[in-house]
Amino acid sequence: MISNWDGIDEFVAVFERGSFNAAAATLGVSASHVSRAVARLEERLQSRLFYRTTRHVTATDIGKAFAERCHRMIEDRDDAIAVIGERVRPHGTLRVACSIAFGESYVARLLSEFVADHPGVEAVLDLSNNLVDIVAQGYDLAIRTGKLLDSHLIGSRIASRSLHLCASPEYLERRGRPTTIADLAAHQCLVGSNDYWHFEGDGGPVDFKPTGRWRCNSGFAVTDAAAAGHGICQLPDFYVLKRIEAGLLVPLLAEFAPPEEPVWAVYPHRQHLQSKVRMFVDVLRRHLDEPRAAVPSRAF
């Protein structure tokens, strides 16, 4: 009886290693066995998966798409077997998406340490401030802040972040200190990637649209400009907290500070979450939720 799994391992091995001989060496079988298994799979699918010449094996477009799905099936299968056997060793490629600043400050370091601790895991970290479709683009995990809008994803809260309004002592000496949200209209505002600053008033949330002669979509650049005395900024704690502690920036309007925003690890809904994802989410929660975890090591 032919199983739907027949030829899948051989096909993926050829796709990943680039030849039948290399795939055979990886699987510990003969090259002729691999060739026959792939040929039977192609016949069953009624589709060509590889272009073959005497020197090269190249996946067809159908083969490339099929390989991605098969790779995930194999990972899920092996992970399920590991769980049943109580040998939960994470393995396979862990694909993570995250915003640039948060990724550079924390996630990249934690992910590299995770790979070092688990030899069976490879990692791909994509840093972008665009909201990616983690299902369509093949990510295992994404880090997001604020309200989750996609009901098809599972969110696990791993930390929180606070927004701080602040300016340098030199700027405040020149321009004075705002005492109300409305006072900000008379100040030079350093605008980042957000069009609105968020506050909490007596009647609930208050949004203020800052205006100024300087704008940049890099939070670190905005922080540098504020510390240099060029204006007032509102940024998450991981940008500004070290400079506040050093006295280079002064917190403002703390009585109107908005509530903390949650930081989420989100992933596609799966009945059995892969161990590589589950364990890395635990790492993120453990390290990012520690006291002072929101202070990056970036020099200033």
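Me: First up, is Glu261 buried, exposed or partly exposed?

Reply: Glu261 counts as partly exposed, because its relative accessibility is 23%. Buried means under 20% relative accessible area, exposed over 50%, and partly exposed in between, with a 1.4 Å probe and protein chains only. Before we go on: this is a predicted model, where local features need pLDDT of at least 70 and side-chain atom pairs count only at pLDDT 80 or more, while totals for chains, interfaces and linings use all residues. Residues are numbered from 1 along each chain as its sequence is written, and side-chain values use heavy atoms, leaving out hydrogens and water.

Me: Thanks! Which side chain meets Glu261 in a salt bridge?

Reply: That's Arg161, at 2.8 Å from N to O. A salt bridge here is a side-chain nitrogen of Lys or Arg within 4 Å of a carboxyl oxygen of Asp or Glu. Glu261 lies in strand β14 (residues 261-268) and Arg161 in strand β6 (residues 153-161), so the pair ties together parts that are 100 residues apart in sequence. Helices (H or I, at least four residues) and strands (E, at least two) are DSSP runs, numbered from the N terminus. Arg161 counts as buried, with 16% relative accessibility.

Me: How many salt bridges does a search of the whole structure find?

Reply: Seven. One of them joins Asp140 and Lys276, whose closest N and O atoms are 3.9 Å apart. Asp140 sits in the loop between β4 (121-127) and β5 (141-145) and Lys276 in helix α9 (residues 275-288), so this pair links parts 136 residues apart in sequence. Both Asp140 and Lys276 are buried.

Me: And what about Arg243, which residue does it form a salt bridge with?

Reply: Asp224, with the closest N and O atoms 2.5 Å apart. Arg243 lies in helix α8 and Asp224 in helix α7 (residues 219-227), so the parts tied together are 19 residues apart in sequence. Arg243 is buried at 8% relative accessible area, whereas Asp224 is partly exposed at 32%.

Me: OK, new topic. What order do the strands have in the open sheet of three?

Reply: The order is β12-β7-β13, with antiparallel pairing. Two strands pair if DSSP finds at least two bridges between them. β12 (233-236) and β13 (250-252) are at the edges with a single partner strand each, so one side of each has no neighbour in the sheet. Strand β7 (residues 163-167) pairs with β12 over four bridges, and Leu165 has Gln234 as its bridge partner in β12.

Me: Which helix lies across those strands?

Reply: Helix α8 (residues 237-245) lies across β7, β12 and β13, at about 110 degrees to β12. Axes are lines fitted to C-alpha atoms, for helices over the stretch in contact, and angles run from 0 to 180 degrees between N-to-C directions.

Me: Nice. What does Trp197 touch?

Reply: Leaving out residues up to four places away in sequence, Trp197 touches several residues, including Leu165, Phe208 and Gln234. Contact means heavy atoms within 4.5 Å. Trp197 lies in strand β9 (residues 197-201) and counts as buried, because its relative accessibility is 2%. Trp197 and Phe208 are 11 residues apart in sequence and 5.1 Å apart in space, C-alpha to C-alpha.

Me: Last one: at what angle do the axes of α2 and α3 cross?

Reply: The axes of helix α2 (residues 20-27) and helix α3 (residues 31-45) cross at roughly 105 degrees and come within 8 Å.
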